Every structure is written in structure tokens, then in C-alpha cells.
Amino acid sequence: MNEIGTFDILGPNMIGPSSSHTAGALRIAFIAGKMVGRVKSARFVLYGSFARTYHGHGTDRALVGGILGYHPDDERIRDSFHYAEEAGIEISFEENFTDKEVFPNTVDIYLTGVDGDSMSLRGESIGGGNAVITRLNGVEVELTGNYCTMVVQHVDKKGTLAFVTTVLSAYDLNIGSLRLYRESRGKIAYAIIELDANVPEQVVNALKGIDAVINVLLVPAIHLD
């Protein structure tokens, strides 16, 4: 028997009419924004019910608010387009009704940062304000944002993960979960590590000093109180 949580009945404390279409959408974009830092442009491709109802349910404003780093109960979400314009962020939306084999509340987000870095991810809003990232730069992953999460992008090379966990242990950081996803053997891989505490900047710098590590991204937990 599946457990029913409070948010399945009452919904989270949030701005917007729908936990799936607003709070869940915001969580996806929040994670994306944290992976780029200062965003220059954002393109959202919406599927299923997201594509059909995003104007009326405020999904578009929630996605923009997430990119700006807002939490689900932030009043600024209502005027997120205005704040994005003030920040000089170019925003665009596309509706995809062609691809049918996707989860109903799905969005692809393509971001470019002010420093020229770019990334893409796919997120699914799964109900109660919760979401899961299922694709990162074309690689199938699973990332929820329920915990402080470190994403280590690296070359799939022997000993790299062992070194990463050694560094985390040296800074007394406890790993809640660690999952490895890769394009293929010896190619680009992502270690998604959920931790019980925030990660100091020194840890990020230490990990970036490893030859096989390409980038280290931190996603703080977003709580639905």
C-alpha cells in the first residue's frame, strides 16, 4: 500500500492554483537555474498538459520564477516576467504536441549563462509540488532536489568517484545517496550525490582540482513547507 503524504491532500504552501503546474514546475526550473548561476537566456519546451494549460495555470510564471531562484511561496512569482526582464534574461516558450511518449507534465529547459556556459535538462512534475529531473545534457539521470545535491560532471575514469568520496569524507560530509549516470563507458558521466548538509566552497574547489572532473554543480534543497 502506498503512503499518502500531507502534500498529496493539502498541497504545499505556494503561489498558484496547482501544485503540479506551479510548485512542481518551479522546482524543475529552480534546479536548472542553480546549475548555471547567472542566466542570460532561457528556453522552455512544454509537453502534454503543461503545453495545453501553462498560461492559465501560471506554469510559465512559475518556470521563470524558478530560474530566478524563487521558492514556491514567493510573492514575486506573479510578476516573474517583469523581474526577468529587469535582470536582462531572454525568455521564450515552445509548445510540443508532437511527442506523445512523455510524462504529461514535462518541460525541457535550455539555459545559457552570462559567462557563455549552456546546459539542458528535462524535468517532470509528479504531483504535490514534487518533481524529478530525468535528463541532464542528454544523459538520463534522476534528481529530485529534496536534499542538498552535488552534481559532479566528469570523465568516466577509474578512481574518480573514489577520490570524490574521499574528499567529502575529509570534510565530514555524510552521503545520503550516490548515483552514477554516464553517456557510455569512458565518456562523460554525472555523479549525483545527495548530502545531509550544505557543501562548503572549499569542497567544490578541491573537487574541481581533479583532472577528470569537468564541473561541480551545487543544488540546494528546496522545501515545500
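Mentor: Let's start with a pair of leucines: L121 stands opposite L136 in β5. Before going on, keep in mind that this is a predicted model, in which local features need pLDDT of at least 70 and side-chain atom pairs count only at pLDDT 80 or more, while totals for chains, interfaces and linings use all residues. Residues are numbered from 1 along each chain as its sequence is written, and side-chain values use heavy atoms, with hydrogens and water left out.

The piece I'd like you to look at is strand β4, residues 118–127. Strands here are DSSP runs of E with at least two residues, helices are runs of H or I with at least four, and both are numbered from the N terminus. Of the 10 residues in β4, 8 are buried, so the strand is largely enclosed by the rest of the structure. Buried means under 20% relative accessible area, exposed means over 50%, and partly exposed is in between, using a 1.4 Å probe and protein chains only.

Who are the neighbours? On one side, β4 pairs with strand β5 (residues 130–136) in the antiparallel sense, over 6 bridges. Two strands count as paired if DSSP finds at least two bridges between them. The hairpin of β4 and β5 has 2 residues between the strands, and G128 takes a positive phi near 65° there. β5 is itself largely enclosed by the rest of the structure, because 5 of its 7 residues are buried.

R122 stands opposite R135 in β5, and R135 in turn stands opposite E140 in β6. β5 and β6 run antiparallel, joined by 3 bridges. Their hairpin has 2 residues between the strands, with N137 at a positive phi near 50°.

Now the other side of β4. Strand β3 (residues 105–113) pairs with β4 in the antiparallel sense over 7 bridges. This hairpin has 4 residues between its strands, and G116 takes a positive phi near 95°. Look for Y110, whose bridge partner in β4 is S120.

R122 turns up again on this side, where D108 stands opposite it in β4. D108 sits in strand β3, and with a relative accessible area of 5% it is buried. The side chains of D108 and R122 are joined by a polar contact of 2.7 Å; that term means a pair of N or O atoms within 3.5 Å, where, within protein, one must be able to donate a hydrogen and the other to accept it, and residues adjacent in sequence count only if both atoms are side-chain atoms. A polar contact of 2.6 Å also joins the side chains of D108 and Y47. Not counting residues up to four places away in sequence, D108 touches R43, F44, V45, Y47, L121 and R122, where contact means heavy atoms within 4.5 Å.

That brings L121 back into view. The largest nonpolar core has 42 residues, and M35, I109, L111 and L121 touch the most other members. Such a core is a set of buried Ala, Val, Leu, Ile, Met, Phe, Trp, Tyr and Cys residues joined through side-chain atoms within 4.5 Å. Helix α2 (residues 19–36) gives the most to this core, with 9 residues. Apart from it there is another core, of 17 residues, with V152, A191, V203 and V204 among them. As for I109, once its neighbours within four places in sequence are left aside, its contacts include M119, S120 and L121, along with I28, A29 and A32.

Finally, zoom out. An open sheet of 6 strands has the order β2-β1-β3-β4-β5-β6, with mixed pairing. At the edges stand β2 (90–96) and β6 (139–143), each with a single partner strand, so one side of each has no neighbour in the sheet. Neighbouring strands of this sheet are turned by 25° against each other on average, direction ignored. Helix α4 (residues 59–67) packs on the sheet, touching β1 (39–47), β2 and β3, and its direction makes about 145° with that of β1. For such angles, axes are lines fitted to C-alpha atoms, for helices over the stretch in contact, and values run from 0 to 180 degrees between N-to-C directions.
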